Every structure is written in structure tokens, then in C-alpha cells.
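Keep the viewer open as you read.

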Amino acid sequence: MSTTEQPQPNANKALWEKGDFTRIAATMRASGESLVGSLGITEGLDVLDLGCGDGTTAIPEARLGANVLGVDIAENLVAAGNARVRDLGLGNIRFQVGDASQLSELADDSFDLVVSIFGAMFAPRPFDVAREVVRVTRPGGRIVMGNWIPNDPTLVAQILRISAAYSPPPPEGFVSPMTWGVDDTVIERFGAAGVPADRVSLERDTYTFDYEGTPSQLLALFREYYGPTMNAYAAAAASGREADLQAELEALFNEQNTSTDPRTTSIPATFLRVTVAV
Ligand SMILES: C[S@@+](CC[C@H](N)C(=O)[O-])C[C@H]1O[C@@H](n2cnc3c(N)ncnc32)[C@H](O)[C@@H]1O
């Protein structure tokens with residue numbers, strides 16, 4: 001870069017530093033903990049939690065005795081994760097800023113387990129992501145990803161589908177994060193990183209959003225604090241379609257709610273659980 005060129009703004013980083021994802025993460029803690037409980041984590045395991053946010057899965061991993069490094073592109077979420085760790089007095093976990101597409105600060109073969117729940121799927125250059133997560137995992141180790149599935153009828157896929165319909169088209173060359181929810185695409189990406197297809201297992205799993213409030217109040221949280229929805233509302237306002245977007249999302253949140261208590265909301269969402277044996 002010459003001295004006159006300005007560094008390009010990182011749209012991926014800006015999207016997640018927008019708003020405050022910790023407000024959404026607070027509704028996902030129970031599912032995070034239960035997912036971590038299924039990972040067979042033992043004392044002293046070296047775990048990388050990639051796209052860790054404020055630690056919905058990273059903190060339960062540490063509580064089970066793993067040595068955990070949380071890496072996330074968003075500085076505000078790394079700070080929030082480190083604050084939670086301090087409050088909890090945990091000494092076997094720390095969070096730092098990094099990009100799942102380029103983990104040059106991490107040495108080869110450093111981790112027994114790499115976990116990325118709705119995290120690395122949002123990084124640009126998915127083939128680089130697959131190569132990087134394989135590189136930092138020790139032979140005999142595992143990678144576990146949770147990825148939202150395109151066109152799935154449940155909450156998050158539908159939020160992202162509706163939001164995209166109100167947003168300007170993405171820049172040329174943009175690869176949708178949702179492609180990480182397509183079986184053959186996942187196999188192709190790990191294949192290019194040197195992992196044969198028979199070492200990649202794929203299953204459907206469920207995460208539940210639990211909220212002490214109505215579905216409309218939960219939507220208000222997404223509207224105010226969740227980067228992708230915030231951008232969609234801004235684009236819809238600019239084109240005079242904000243009320244249409246609000247009506248579509250209100251209908252979605254209300255239809256998907258399974259709570260029988262009118263004061264609370266519980267929305268299950270399906271995701272693709274990917275396990276890679278390195
Ligand atoms: C939907 S949130 C999930 C956070 C966390 N895994 C959880 O379950 O609460 C997506 C996370 O991925 C992070 N992220 C997005 N792009 C990333 C990248 N290129 N490298 C690392 N983290 C990234 C975001 O900052 C955000 O914390």
C-alpha cells in the first residue's frame with residue numbers, strides 16, 4: 001500500500017461491532033451450554049472458540065476444565081467476553097481479536113478442538129477459513145461448527161432471508177455466509193483443506209432463543225442490537241419500506257414462538273452441526 005492509500009474499511013468487522021450482540025447472546029446461553037456439554041470436553045483440552053462473541057460456548061468450555069482461547073473479529077465482543085471471564089474469576093480462558101480467515105497469530109497444530117458456533121460462517125473467504133481451522137487443529141483433533149441453513153423455515157435463516165430482501169445487493173464476489181449450511185459446500189471446503197469427505201459428519205441440530213418478554217419485544221432487541229437486522233432496517237427506512245419489514249418480522253417471531261406463557265418467548269432454530277475429524 002502506498003502512503004497515499006487509505007486502508008479499506010472492514011465491513012465484516014463493522015457489521016458485528018455495530019449494535020451489541022451480547023443482548024442477543026443472552027437469549028442463547030442455555031443452548032450454548034447444552035451444546036458444549038455434548039462435545040466430550042475433558043480437563044486440560046486445548047480449545048479454540050472461533051467467532052466466540054462474548055463467550056456463550058467458550059465460557060462453558062472453560063467451566064468444564066478446557067484451556068480456552070476465544071477469538072473474535074469484534075473488539076467490543078472480545079472486551080465483553082474478557083469482562084465476563086474476570087467477573088467469573090476463570091483463569092483458564094481468555095479472548096483476543098482475530099479473523100477466522102487469517103489466523104496467522106496462531107501456530108499450526110495448536111488445539112485439540114476448534115469450536116465455531118455461528119461464528120466462522122460469517123467470515124469472508126470461506127476456503128481460507130476451512131484451511132485455517134484445519135491448520136491450527138492437531139492431527140487427531142476435531143473441528144465443530146454450527147451453521148445456519150439457507151432456506152430453512154426456522155428463525156435465523158428467515159431473519160437473514162427477509163433482511164436481505166430489504167437490503168441493497170451485496171458487493172460483487174460476496175459469498176453468502178449461509179453457504180456454510182449446505183452439506184456439499186461444507187464437504188468441498190474441507191476437501192480443499194485436505195480433509196476427505198468421510199471425516200466430515202453433518203447433522204441437523206436445534207438452538208433455542210429464550211427470552212423473558214414477548215416475541216415483539218425480542219424482535220425489538222434484534223432491531224436495536226443485531227448488526228444484520230439493524231442494517232436491514234436502515235435500508236428499509238431509506239426506501240420507505242420500514243413498516244413492511246417490521247410487519248414481516250413481527251409475523252415471523254410470533255409464528256415461531258413455542259412458549260405457552262404469554263410473558264416469555266421460546267423460539268427453536270435449526271442449524272447444521274458439522275464435525276470434522278482432523
Ligand atoms: C452470531 S455471532 C455468534 C457468537 C458466538 N459464537 C455465540 O454463539 O454467541 C457471530 C460472531 O462471529 C464473529 N465474527 C464474524 N466474522 C468473523 C471473522 N471474520 N473472524 C472472527 N470472528 C468473526 C462476530 O463478531 C460475532 O461475535
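The buried residues of helix 3 pack against helix 4 (58-63), strand 4 (111-117), strand 6 (200-211) and strand 7 (265-277); contact here means heavy atoms within 4.5 Å. Helices (H or I, at least four residues) and strands (E, at least two) are DSSP runs, numbered from the N terminus. This is a predicted model, where local features need pLDDT of at least 70 and side-chain atom pairs count only at pLDDT 80 or more, while totals for chains, interfaces and linings use all residues. Residues are numbered from 1 along each chain as its sequence is written, and side-chain values use heavy atoms, with hydrogens and water left out.

So who does the packing? Helix 3 covers residues 29-37, and its buried residues are Ser 31, Gly 32, Leu 35 and Val 36 (buried is under 20% relative accessible area, exposed over 50%, partly exposed in between, with a 1.4 Å probe and protein chains only). Looking down the axis of helix 3, these residues fall within an arc of 135°, so they line one face of the helix; the arc is that of the directions from the helix axis to the C-beta atoms. On the face turned away from the buried side sit the exposed Ser 34 and Gly 37.

Over in helix 7 (residues 155-165) you'll find Ser 163. Ser 163 counts as buried, at 4% relative accessibility. Leaving out residues up to four places away in sequence, Ser 163 touches Pro 228, Thr 229 and Ala 232.
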